[in-house]
Amino acid sequence: MKSPHDLVRLIAPVVVLAAGLVLWEAIVRAYDIQPYVLPSPLLVLKTLVNDWGVLSQSLGITLLTTLEGFFAAAIGGIALALLFNQSKWLEYSLFPYAVILQVTPIIAIAPLLLIYLEQQTAVIVCAWIVAFFPVLSNTTLGLNSVDRNLAGLFQLYGASKLQTLLFLKLPAALPYILGGLRIAGGLSLIGAVVAEIAAGSAGAGSGLAFRIAESGYRLNIPRMFAALLLLSLAGIVIYGLLALVSHLLLRRWHESALGKES
Amino acid sequence: MGRGATRGAAALNNVKSAMVDSRAPGANAGLAVRLRGVTKIYDSGVAALGPLDLDVVSGEFVALLGPSGCGKSTALRLIAGLAAPSAGTVEVSHHGAQRRGSHSIGFVFQEPTLMPWATVRDNVRLPLKLARATGGDAETRIDAALDQVGLADFARAYPRELSGGMKMRVSLARALVTDPDILLMDEPFAALDEITRFRLNNDLLALWRDLHKTVIFVTHSVFESVYLSQRVIVMTARPGRIGAEFRITSPEPRGEAFRTSAEYAGFCREVSNALAPSYAGQAGA
């Protein structure tokens, strides 16, 4: 399994990262760039450690928002897709609006939401709006890609609508749903961040994006970078977790989760 | 006679009965399937089938042979109730007391049509699960069905871990688990290599002898139809009608020796000759 090729794939990006950081550090030192213009990587790391109290609290708040938005998107997206699957009328009536909601930039909607909703609610709604569409469209695609003969078999054996849904449509759609959720995870983080930024200094919340905006006003650039680093890490962890869940659920049967050699 | 006695419009227009098995009219006892004036016209206006009259006696092994697109699969879907005829009647008999999870028809598709997310055992369990038949009795029946197709050792495997022939066996076990009177098979072995197909042919014949099922077997292989069935029905090109009918009178049990016999070759030649116009008509149309 561990061929030299695999090793290279693992090491190459790490080498690039290390080289980039060293170069960055070297440039900052060589040209004596001030921290309020561009902090060195080491300073960012130091800030991360020193400000951990504030930053970790903000991280928790942003993660919670993201999680709430994600679950709302997952439940809403899947439920809506199921409804559309049961009733064509409902699909024809509502789907265009789901598309409109999706194609209108969230950054433009967020300020409006902040006027009409409480800030915490608005942030979750933002996360939901950006994240629910991939779940909806992927689930719809999955529910519609059931094997025709298998559907015939269910019909032959007199399966009820509920049985067909539970034993045929949902399992067949599962790989698609999981694909949608993987996209939704990253998007709900983006939605949360956008809403926090839009709320800006007026906001009472103190998520990571709020910290970035606030640090920007105060020219605390190292902290901006530290918060950005945490956001990035959060996104990676969310994606990794969802990919892991997807792999665990599909590894026994779906092509996407099987190794190349099998 | 049961379900679907009046399925579709019961307009029996222009019933052509020349090719029909000459059985006394009304003598329905012993008939497993009875089609009268059945036609199928798709929404696009294409006439796929008929008018078709067909009687299949209980316990008979009938092969429907014809070129691609002659409507033989459509005929099977009509019998299964997966589609409704545009005209005519489809009658399918029910026998004996129905226990929970029993079903009068078993269907085997051209592809294995298995649920990739379920184990072999769960795939075979499906018809019972849909009929809400559970517990020890159901498990016994699943074991029996897996045993019949020789897959007892693979109950916990997933479909992707099996070869094409084994997947087809799972599909067959799933059709058998409800103990159907009638087994409908739609070119089930067409995609398999020859050795595997011969093996499955023999296993299917053994099952048919042991279990006394009525089998309607759709195929485009002359050799397969003659080898397996008691009666070969040759269908014409679209819209599919009965072009000719042959009784394969060779004694049971048939085995590999039959495959190389002069008798077998003779039947194959006759059936091939009868099939030729179907292809000529298709090319000239």
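How many bridges pair strand 1 and strand 4 of chain B, and in which sense? Select residues 31-41 of chain B to find strand 1, which pairs with strand 4 in the antiparallel sense over five bridges. Strands pair here if DSSP finds at least two bridges between them; helices (H or I, at least four residues) and strands (E, at least two) are DSSP runs, numbered from the N terminus.

Before moving on, know that this is a predicted model, in which local features need pLDDT of at least 70, side-chain atom pairs count only at pLDDT 80 or more, and totals for chains, interfaces and linings use all residues. Residues are numbered from 1 along each chain as its sequence is written, while chains are lettered from A and ligands numbered from 1 in the order in which they are written.

**Stop 1: the sheet in chain B**

Click on B:Arg36 and look across to B:Thr89 in strand 4, which stands opposite.

**Stop 2: the core**

Next, show A:Cys126, B:Leu65, B:Ile79, B:Ala173, B:Leu184 and B:Ile216. These have the most contacts inside the largest nonpolar core, a set of 139 residues. Such a core joins buried Ala, Val, Leu, Ile, Met, Phe, Trp, Tyr and Cys residues through C-beta atoms within 7 Å, and buried means that 20 or more other C-beta atoms lie within 10 Å of the residue's own, with C-beta atoms placed from the backbone. Helix 8 (residues 161-199) of chain A gives the most to this core, with 18 residues.

Zoom in on A:Cys126: its contacts include A:Ile106, A:Leu113 and A:Val194. Contact means C-beta atoms, placed from the backbone, within 7 Å.

**Stop 3: where the chains meet**

The contact between the chains takes 16 residues from chain A and 17 residues from chain B. On the chain A side, helix 7 (148-156) and helix 8 give two or more residues each, and helix 7 gives the most, with seven residues.

**Stop 4: two crossing helices**

Finally, select helix 3 (residues 52-86) and helix 9 (residues 208-217) of chain A, whose axes come within 7 Å and cross at roughly 130 degrees. Axes are lines fitted to C-alpha atoms over the stretch in contact, and angles run from 0 to 180 degrees between N-to-C directions. The two helices are therefore oblique to each other. Look for A:Leu55, A:Ser58, A:Leu59 and A:Thr62 of helix 3 against A:Leu208, A:Ala209, A:Phe210 and A:Arg211 of helix 9.

Conventions: Buried ≥ 20, exposed ≤ 12 C-beta atoms within 10 Å, placed from the backbone. Contact = placed C-beta atoms within 7 Å. Parallel < 35°, antiparallel > 145°, perpendicular 65-115°, else oblique. Lists of a residue's contacts leave out its neighbours within four places in sequence.
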